[in-house]
Amino acid sequence: MNLEEMAKKWLAKLTQLNPATGRGECSGKAPHKPLLLLSLLDMSENGELPSRSFSRSPGLVLRFRSYGTISADRWPTRLDLRLPFYHLSSQDFWEPLDAEMRRARSPESCVVCDMNTELFELLSDPGFRLKAMMVLIAKYFPPNERIALFESLAIQHAEDSTNVVSEALHEATEAAKRKGRCARFAIRVCSEYRYTCALTGYRCVTGEGTTIVDAAHIEAWSYSRNDDPTNGLALSKNAHWMFDEGLWTVDDDMRVVVNMKRFDERGPEFLRLANIAGRHLQFDPAAKLRPALAPLRRYRARVMAA
């Protein structure tokens, strides 16, 4: 089978995922399977899928959960990555393996998947990746979610060019795009800072692939409308809250500036924010992303003047 025939075969398989239908508070088709496949396609696009074997890595979990927020209005229950991770094996996308590298028998025991060789070969083709993303988005997501996913995956798509578009539709479209940009921002910031808190240098990733860091805007989006990753820092929950509260900022040399007049703290010495003043931000040695000076300067000026 040549590559063209193989691509047609797998694109057809993508239209036959047979997702469950929502009940109760959940409506439409369950997004689990297409979201997992979109996450893997995006990882491949970014060079984060070097081999056929893949696990519930931080990059995969981050994408799955971030893209999952786009479907939260119609599917409000928490999406469990273990379900599509295991169940897509029944449709020959991959073989599920347990911790002993034997075939897994349940979602709970599946820790690694060995991707079908044909599918893995096709993932190296940008044309196939784009077509696969388009098929998944068009087939399994309603219009507002499609817009958000196109935006989050940075896919250029044909929009309605007619002028007869209601203001309500325009607002809904903008809201969907915002969801997509927010998901993309979270993925890029957390992954490109390698899931390490810039304030403390602390990195904690669970066996399930969840991580302690959030993607924090330097200049709040509500103020700047800036979702560029250079307007972001990966921060642990406490560090993120303290940053948003204006308790600390950063100078042009990437040293921490603590705004002592804004807070009073007590507790063990190693936990105190005051003791971090003057220390450089803590970046993982392999992380190439760095915050831009312009948003840091503007945020610092506002915080220190308050």
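User: Which part of the protein chain has the lowest confidence, and which the highest?

Analyst: Helix 8 (residues 167–192) comes lowest, with a mean of 80, and strand 5 (residues 232–236) comes highest, at 98. These are pLDDT scores, since this is a predicted model. The scale is the predictor's confidence in each residue, from 0 to 100.

User: How confident is the predictor in the protein chain as a whole, going by average pLDDT?

Analyst: The average is 91, and 94% of the residues reach at least 70.

User: What do pLDDT and contacts say about residues 158–166?

Analyst: Over that stretch pLDDT stays under 50, and the model gives it three contacts beyond four places in sequence.

User: Let's look at a single residue. Why is Ser124 called exposed?

Analyst: Its relative accessible area is 57%. The label needs a value over 50%, so Ser124 is exposed. You'll find Ser124 in the loop between helix 5 (117–122) and helix 6 (126–140).

User: What makes the meeting of the Ser124 side chain and Glu121 a polar contact?

Analyst: The Ser124 side chain reaches the backbone oxygen of Glu121 at 2.6 Å. The cut-off for a polar contact is 3.5 Å, so 2.6 Å falls within it.

User: How far is Ser124 from Leu136?

Analyst: Their C-alpha atoms are separated by 18 Å, with the two residues twelve apart along the chain.

User: On to charged pairs. How do you know that Asp80 and Arg82 form a salt bridge?

Analyst: Their closest N and O atoms are 3.0 Å apart. The rule asks for a side-chain nitrogen of Lys or Arg within 4 Å of a carboxyl oxygen of Asp or Glu, so this pair qualifies. Counting by that rule gives 23 salt bridges.

User: Why are Asp80 and Arg82 called partly exposed?

Analyst: Asp80 has a relative accessible area of 25%, and Arg82 has 27%.

User: What makes Arg188 and Glu192 a salt bridge, and where do they lie?

Analyst: The N to O distance between their side chains is 2.9 Å, and the limit is 4 Å, so they pass. Both residues lie in helix 8, four residues apart, which is about one turn of the helix. Arg188 is partly exposed at 32%, and Glu192 is partly exposed at 29%.

User: Now the strands. How do you know that strand 1 and strand 3 are paired?

Analyst: Strand 1 and strand 3 (residues 112–115) share three bridges in the antiparallel sense. Pairing takes at least two bridges, so they count as paired. Among the partners across this pair, Ser53 bridges to Asp114 and Phe54 to Cys113.

User: How many bridges join strand 2 to strand 3?

Analyst: Four, and the two strands run antiparallel. In one of the links to strand 3, Leu97 has Val112 as its bridge partner.

User: What order do the three strands of the open sheet take, and what makes strand 1 and strand 2 edge strands?

Analyst: The order is 1-3-2, with antiparallel pairing. Strand 1 (53–55) and strand 2 (94–97) are the edges: each pairs on one side only. From one strand to the next, the twist averages 25°.

User: What makes the phi of Ala154 worth a look?

Analyst: Phi is positive there, about 55°, although Ala154 is not a glycine. Most residues other than glycine have a negative phi. Ala154 is in the loop between helix 7 (143–152) and helix 8, and is exposed at 59%.

User: Tyr195 has a positive phi as well, near 60°. Why is Tyr195 called buried?

Analyst: Its relative accessible area is 7%. Tyr195 lies in the loop between helix 8 and strand 4 (213–217).

Notes: Residues are numbered from 1 along each chain as its sequence is written. Side-chain values use heavy atoms; hydrogens and water are left out. Buried means under 20% relative accessible area, exposed over 50%, partly exposed in between (1.4 Å probe, protein chains only). A polar contact is a pair of N or O atoms within 3.5 Å; within protein, one must be able to donate a hydrogen and the other to accept it, and residues adjacent in sequence count only if both atoms are side-chain atoms. Contact means heavy atoms within 4.5 Å. Axes are lines fitted to C-alpha atoms, for helices over the stretch in contact, and angles run from 0 to 180 degrees between N-to-C directions.
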